[in-house]
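Let's take a walk through this protein chain together. Have a look at the sequence and the structure first, and then we'll go through some of the details.

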Amino acid sequence: MKVSMLRSVQSALKRTSSSTGGHILRRDFSSESGPNRKVAVLGAAGGIGQPLALLMKLNPLVSHLSLYDIAGTPGVAADVSHINTRSEVKGYAGEENLAEALDGADIVIIPAGVPRKPGMTRDDLFNINAGIVKSLCTAIAKYCPHALVNMISNPVNSTVPIAAEVFKKAGTYDEKRLFGVTTLDVVRAKTFYAGKAKVPVAGVNVPVVGGHAGVTILPLFSQATPKANLPHEEIIALTKRTQDGGTEVVEAKAGKGSATLSMAYAGAIFADACLKGLNGVPDVVECSYVQSTITELPFFASKVRLGKNGVEEVLGLGALSDFEKEGLEKLKPELQSSIEKGIKFASQS
Ligand SMILES: NC(=O)c1ccc[n+]([C@@H]2O[C@H](COP(=O)([O-])OP(=O)(O)OC[C@H]3O[C@@H](n4cnc5c(N)ncnc54)[C@H](O)[C@@H]3O)[C@@H](O)[C@H]2O)c1
Ligand SMILES: O=C(O)C[C@H](O)C(=O)O
């Protein structure tokens, strides 16, 4: 990629603010300051993994980029390693190389596993992905127990509780270091809201809470900024579109997988926020599915303040509209049962 092209990607990314108003990749691509940070991507040869590897290679906060998959990673690593940015890239293929891939990682991003086809729910992926996540988390507990884990593999509502149980069994669990990546829901809510409200998307913020599947995805448009006073029917439609955003992509791809490019973008935003938190940047806030006490559910997505040890503070829900209060009560049984399913799987297998 030419420098001029890199600069135009950079300025496009600069225009997109996170919920904190910070910017992904807002630094100069050639900047090499900051502490060494190793980021490992597990599932790096996949539909999400490849563009995510590219975006992490563009992030100057990363000094070492470790790309792991069961196959195909040497090619992906050779490809992105030619990009003239800070990080040194290594590709690892096959389980025998997983230890080295993880060794010393500060952040492990997991998009490993199968995606949906039309007609499937995320929970239909459980049987395959639960085992993949369990074995990868067993290795994380062994080789980089202090890493921040960014879980992308679906069903996130269950894979995060699985990871927690694996880490508990290994004696390495730290609830501050485990995150379900729900950033794509926020990215979608911002995009859809900006379209309806007819405001520039770069200045939009919308918290999304709950979980990451269907009705468990609860965008809080009553807290969206800038305020737009949209009619209630439009809020209902926006909520439904955000909840069905993944399905919209699955259907459009017609059997060729689910969201990959927008997910890579969302994953890169969330990893960037984690890196900034680790590096001591103040007031970094993103929504994420984490261990939580803000409702009666043990895991819940809400705004989270990130810091040097991962989660610094799980922020409350704030004032909800009656429609959102109703949505919150509706999502609880499904989210509770997905959490229990994950815990049961991890404790029995
Ligand atoms: N959290 C979210 O918002 C979100 C968004 C989109 C997709 N997803 C999920 O992300 C996952 C990946 O989606 P994708 O489109 O990239 O799928 P994909 O099939 O294109 O890629 C998955 C990759 O995982 C690899 N893999 C499988 N088992 C592995 C293992 N044991 N160790 C390492 N790598 C392994 C595969 O070889 C493949 O390269 C799916 O479960 C999907 O549902 C989540
Ligand atoms: O919908 C899916 O299966 C993938 C992902 O969870 C998404 O929200 O796009």
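Start with Pro 226, which sits in the loop between strand S8 (217-219) and helix H8 (232-243). Helices here are DSSP runs of H or I with at least four residues, strands are runs of E with at least two, and both are numbered from the N terminus. The bond joining Thr 225 to Pro 226 is a cis peptide bond, with omega about -5 degrees. Pro 155, in the loop between S5 and H6, has a cis bond too: the one from Asn 154 to Pro 155, with omega near -5 degrees.

Why point these out? Most peptide bonds are trans, and most residues other than glycine have a negative phi.

## A word on the model

This is a predicted model, so local features need pLDDT of at least 70 and side-chain atom pairs count only at pLDDT 80 or more, while totals for chains, interfaces and linings use all residues. Residues are numbered from 1 along each chain as its sequence is written, and chains are lettered from A and ligands numbered from 1 in the order in which they are written.

## Two positive phi angles

Lys 198 isn't a glycine, yet its phi is positive, at about 55 degrees. You'll find Lys 198 in the loop between helix H7 (183-197) and strand S7 (208-210). Is Lys 198 buried or exposed? Lys 198 counts as exposed, because it has 7 C-beta neighbours inside 10 Å. The cut-offs go like this: 20 or more other C-beta atoms within 10 Å of a residue's own means buried, 12 or fewer means exposed, and in between is partly exposed, with C-beta atoms placed from the backbone.

Ala 254 has a positive phi as well, near 45 degrees. Ala 254 lies in the loop between H9 and helix H10 (261-278), and is exposed, with 9 other C-beta atoms within 10 Å.

## Around ligand 2

Which residues are around ligand 2? Among them are Arg 116, Arg 122, Asn 154, Gly 245 and Ser 258. To be listed, a residue needs its C-beta atom, placed from the backbone, within 6 Å of the ligand. Helix H9 (residues 245-253) gives the most to this shell, with four residues.

The shell also draws at least three residues from each of domain 1 (38-181) and domain 2 (182-339). Those bounds come from an automatic or database domain assignment. The centres of the two domains, taken over C-alpha atoms, are 21 Å apart.
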